[in-house]
Amino acid sequence: SIRSEYNQFYFPTRRVFMSKLRGADILARSLQQGGVSKVFSLSGNHVMPVFDAAIDAKLDIIHVRHEAAATHMADAYGRLTGEPGVCLFTGGPGHANAVGPLFTALGAESPVVMISGHAPLDLLGLDAFQELRQADMAAPATKASWTIQSVEQIGTDVAKAMRIAKSGRPGPVHLSFPTDLMEATDARGIALVPEASTFTAPAAMLDDAIATVILDALATAKRPLILAGPMMGNGRGRTARESLQSATGIPVLYMESPRGIADPSLGAFAEMLAEADLILMLGKKFDFTVRFGRAPVFAATSRFIQIDPDPEAIRRATIAIDDRARIRFATCADAIVAAETLIALAKKQRMAPTAWTEEVLSAVRFRPEAWSSITSKEGAIHALDIGRALRSMIDRTPGAVYVSDGGECSQWSQACVAEIAAARITNGPGGAIGGGVAFAIAAKVARPKSPVFLTIGDGSFGFHAMEYETAVRRNIPFVAIVGNDACWNAEYQIQLRTYGRERSIGCEMLQARYDQVVTALGGYGELVTKAAD
């Protein structure tokens, strides 16, 4: 009797003829209605009804080996498609495992919808199975986080979550889904699935009159710059910033690295910031990556124009910079939409590039002369040679997606590859490492016809090594180059600079054979010890 009740609680019999849809069916069909076809997930007791409902809703569940990997995948999928990447987890520990990478997605301005199973509403406060204040746990790393309260709200809450994830500055949203609602039914059935139009996020437009004022100000500046934020990294955002530079003749720089103005792919760009007299912050926050807009990184006489979808970001800008009078004016609008408005008007004005434009772009392309003399030693390959080989390959591979993961090794490849890849995914302003293999898998899912190249350090490799099994099982091919220096090198370099070699500690690893790990999981691995190879 006890076993029977246990099985009924955790593994309810599938209802084949459903005149009344279960809550799980409403959820799955709402996702389908919102244009979702892929869900990144790891199974667990709480979400088994959703797995069952996904079959009828034709949702492809990409089943992973650790919840955090699925959140990373949803993040990368969102960055590349512009549509919410959806991840699904069981409650309690499953939810807790999945929360960490939301911070990376938030910093990268990636639309993600994370759905977690949850203890039943009618048992909350009684120590229900894996009961946890899940919405509270996810809230600091999301744009919004809440628990669904009724069957009637399931569909509308899903639509709301997807709208929030895509609107304004994109970012992750969390929904907790109580198990009693998953099995509950409602006579209205399919009527509780929202119309497709309710999933569309409203756009905050840039007024043409304001756009004209902005363009006039940029045109009269001697050394103008446009800085774009992470949301304009790929897809429509990348197209917009490239078109904006072409239409205005003004350099448009994209910033997403946790190293900020020291991003290796930006060359000597940092030197140009102090010379700029007017900077348009196009969806780019006055955060640590631009040293809060303060001197001496920027000239004390430089001025700013701010276009941002978030009123709070505009408010913080007046606090961040050392003199709020330096902001000529600010306005609320979605960055990509605003860029497209500026492009249309700039084409009519026939704006042209200046000598300043080429000076900035030349600084971005700059790489130290000393690099030309760097060569690999016998039995060990310098990271610069890896970057050179990768650049050569991507040059010959149209549409390639480049994924960068790790603290030190991949920085060289970023500097070599720069913008030649069709799309790029890094750890973003959040600066966390370890998501690389999950990013690569999701990149291939999002762009199945594009080759995917991943550079990753040996430290990062250890975070989600088992996801190579996921890639093999799902036939998701990509090429990963693992830089193996048997060291947490970013931290080691900090210790050397700050404390000295004799006080370095906790940064050593083994010279492990990661190629053999991947081979054991069904992939192909090779140890490369010569730069020529």
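This is a predicted model. Two helix pairs give a starting point. Two packed helices are described by the angle between their axes and the distance between the axes.

Take helix H11 (residues 235-248) and helix H14 (residues 335-349). Their axes come within 9 Å and cross at roughly 25°. Angles under 35 degrees count as roughly parallel, and H11 and H14 are therefore roughly parallel to each other. Their crossing is left-handed. On the H11 side the contact is formed by Arg236, Gly237, Ala240, Ser243, Leu244, Ala247 and Thr248. These meet Ile336, Val337, Ala339, Glu340, Leu342, Ile343, Ala346 and Lys347 of H14. Sorted by class, the contact between H11 and H14 consists of nine nonpolar, three polar and three charged residues. An α-helix has 3.6 residues a turn, so residues three or four places apart point the same way.

One residue of this contact can be followed further. Alanine 346 lies in helix H14 and counts as buried, at 0% relative accessibility. Apart from its neighbours within four places in sequence, alanine 346 is in contact with Leu215, Ala247, Thr248 and Met351. Glutamine 511 is 165 residues from alanine 346 in sequence, and the two C-alpha atoms are 55 Å apart in space.

The second pair is helix H4 (residues 67-81) with helix H18 (residues 436-446). The axes of H4 and H18 come within 8 Å and cross at roughly 45°. H4 and H18 are therefore oblique to each other, and H4 passes H18 in a right-handed crossing. From H4, the residues making the contact are Ala69, His72, Met73, Asp75, Ala76, Tyr77, Arg79, Leu80 and Thr81. From H18 they are Ala438, Phe439, Ile441, Ala442, Ala443, Val445 and Ala446. The contact of H4 with H18 has 12 nonpolar, two polar and two charged residues by class.

Next comes helix H17 (residues 409-417). How many of the nine residues of H17 are buried? Eight are, so H17 is largely enclosed by the rest of the structure. The buried residues are Cys409, Ser410, Gln411, Ser413, Gln414, Ala415, Cys416 and Val417. Just after H17, alanine 418 takes a positive phi of about 45°.

With a disulfide taken as a pair of cysteine sulfur atoms within 2.5 Å, the count comes to zero. Cysteine 409 is in no disulfide, and the nearest cysteine sulfur, that of cysteine 416, is 11 Å away. Cysteine 507 is buried, with a relative accessible area of 6%.

Arginine 169 lies in the loop between helix H8 (154-166) and strand S7 (172-178). Buried means under 20% relative accessible area, and arginine 169, at 12%, is therefore buried. Leaving out residues up to four places away in sequence, arginine 169 touches Glu109, Lys143, Met231, Gly283, Lys284, Lys285, Asp308, Pro309, Asp310 and Ala313.

Technical notes:
Residues numbered from 1 in each chain as written. Predicted model: local features only at pLDDT ≥ 70, side-chain atom pairs only at ≥ 80, totals over all residues. Heavy atoms only, no water. Axes fitted to C-alpha atoms, helices over the stretch in contact; angles between N-to-C directions. Helix = DSSP H or I, 4+ residues; strand = E, 2+ residues; numbered from the N terminus. Parallel < 35°, antiparallel > 145°, perpendicular 65-115°, else oblique. Left-handed = near helix turned anticlockwise from the far one by under 90°. Contact = heavy atoms within 4.5 Å. Nonpolar A, V, L, I, M, F, W, Y, C, P; charged D, E, K, R; others polar. Buried < 20%, exposed > 50% of the residue type's maximum accessible area, 1.4 Å probe, protein only.
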